[in-house]
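Thanks for taking a look at this one with me.

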Amino acid sequence: MLRAIKRALLWTAVAMTTVALSLVALITWPRPLFAFALGAGKIVVASDRPIPSAGGERFLDECERLLERSPLKATRRQYWLYVTNDDWRQRLFFIPHHDAWGYAWNDHAFLSGADFERGRVVHWGYVGTPPRTLAYLCAHELTHVIALEHTGLDRLHVPTWVWEGLPDYVAIERRETFAELRDALGDRPVDIPMRVKYGSYPRYRLLVTYFVERKGWSVDQLLQTRLTEEEAAEIVRAER
Ligand SMILES: [Zn+2]
């Protein structure tokens, strides 16, 4: 009896490990599951549905333009972005980040559904609104990919305000100055539900904007800082 239970447990463990490894393999090499692709330049977008050429090209141009003004320089020749429109595909590929609109994985990134004609992200039927457009999301996630190229395993030591604030700073279409953003945000507390649900990071962007704009920090200084969010915010407050 005991032996039978042991054997069943062993097989369950083997089966679960196989499933987990297959999932990691699928997310690491997703190309075969995306039939359509567009782009020959810096960014290629792949999708499970046909990509309208005009909307698709415009999207790629916009995302590339946002990345070009990034202080973080891309090193690879090309970056792939995968759009999961079908429900099952979105469920499958978004297992690591169930509620996210997008996420970066090694040298590529995933976006939940896309409306290329309107430049909007579509997440379980919810249509994202500006400033968090499809191009914003593309530039945001690819900035994570590029930041990972620069940091490697040091990524684990990069504080969250830099890790999320920098992509937000890069991807936002109209980049406010430090003073504009500080005045717009005021002293209101951080809206945690907004941050969790929509990945909106204005407070982190404010800190990044401060160190880049006022302190003249390079992107390497940002990625190498170990200041916590509280310490960084304290420095910003002391400036007033
Ligand atoms: Zn992010």
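1. A definition to begin with: contact means heavy atoms within 4.5 Å. With that in hand, consider the contacts in the protein chain between residues at least 6 apart in sequence: 68% of them join residues at least 24 apart.

2. Some ground rules before the details. This is a predicted model, in which local features need pLDDT of at least 70 and side-chain atom pairs count only at pLDDT 80 or more, while totals for chains, interfaces and linings use all residues. Residues are numbered from 1 along each chain as its sequence is written, and side-chain values use heavy atoms, with hydrogens and water left out.

3. The overall picture. The protein chain has 10 helices and 8 strands, where helices (H or I, at least four residues) and strands (E, at least two) are DSSP runs numbered from the N terminus. Taken along the principal axes, the box filled by its C-alpha atoms is roughly 70 × 50 × 35 Å. Of its 240 residues, 43% count as buried; here buried means under 20% relative accessible area, exposed over 50% and partly exposed in between, with a 1.4 Å probe and protein chains only.

4. The zinc site. Which protein atoms are the donors of the zinc ion? They are His140 (NE2), His144 (NE2) and Glu164 (OE), at 2.1 to 2.2 Å from the ion. Along the chain these donors follow the spacing H-x3-H-x19-E. Donors are N, O and S atoms within 2.8 Å of the metal (3.2 Å for Na, K and Ca), and water is not among the atoms, so sites may look incomplete. Please keep that caveat in mind when you set up this site.

5. Helix H4 (residues 134-151) holds both His140 and His144, 4 residues apart, or about one turn of the helix. His140 is buried because its relative accessible area is 3%, and His144 is buried too, at 7%. Leaving aside neighbours within four places in sequence, His140 is in contact with Glu164, Pro167, Asp168, Ala171 and Tyr201.

6. H4 against H2. The axes of helix H2 (residues 53-68) and H4 are 9 Å apart, at an angle of about 50 degrees. Axes are lines fitted to C-alpha atoms, for helices over the stretch in contact, and angles run from 0 to 180 degrees between N-to-C directions. That angle makes H2 oblique to H4: under 35 degrees counts as roughly parallel, over 145 as roughly antiparallel, 65 to 115 as roughly perpendicular and the rest as oblique. On the H2 side, Phe59, Glu62, Cys63, Leu66 and Leu67 meet residues of H4 including Leu134, Cys138, Leu142 and Ile146. By class, the contact of H2 with H4 has 11 nonpolar, 1 polar and 1 charged residues. Ala, Val, Leu, Ile, Met, Phe, Trp, Tyr, Cys and Pro count as nonpolar, Asp, Glu, Lys and Arg as charged, and the others, Gly among them, as polar.

7. H8 and its partners. Helix H5 (residues 160-171) and H8 cross at roughly 85 degrees, and their axes come within 8 Å, so H5 is roughly perpendicular to H8. Among the residues of H5 in this contact are Trp161, Glu164 and Tyr169, and among those of H8 are Tyr204, Leu207 and Phe211. The contact of H5 with H8 divides into 10 nonpolar, 3 polar and 3 charged residues. Helix H8 (residues 202-214) also comes within 10 Å of helix H10 (residues 229-239), axis to axis, and crosses at roughly 60 degrees, which means that H8 is oblique to H10. Tyr204, Leu207 and Phe211 of H8 are among the residues that make this contact.

8. Phe34 is found in the loop between helix H1 (2-28) and strand E1 (36-38), and counts as buried at 7% relative accessibility. Its C-alpha atom is separated by 8.3 Å from that of Val83, 49 residues apart along the chain. Thr84 lies in strand E3 (residues 79-84) and is buried, at 0% relative accessibility. Beyond residues up to four places away in sequence, Thr84 touches Phe34, Asp48, Arg89 and Phe93, among others.
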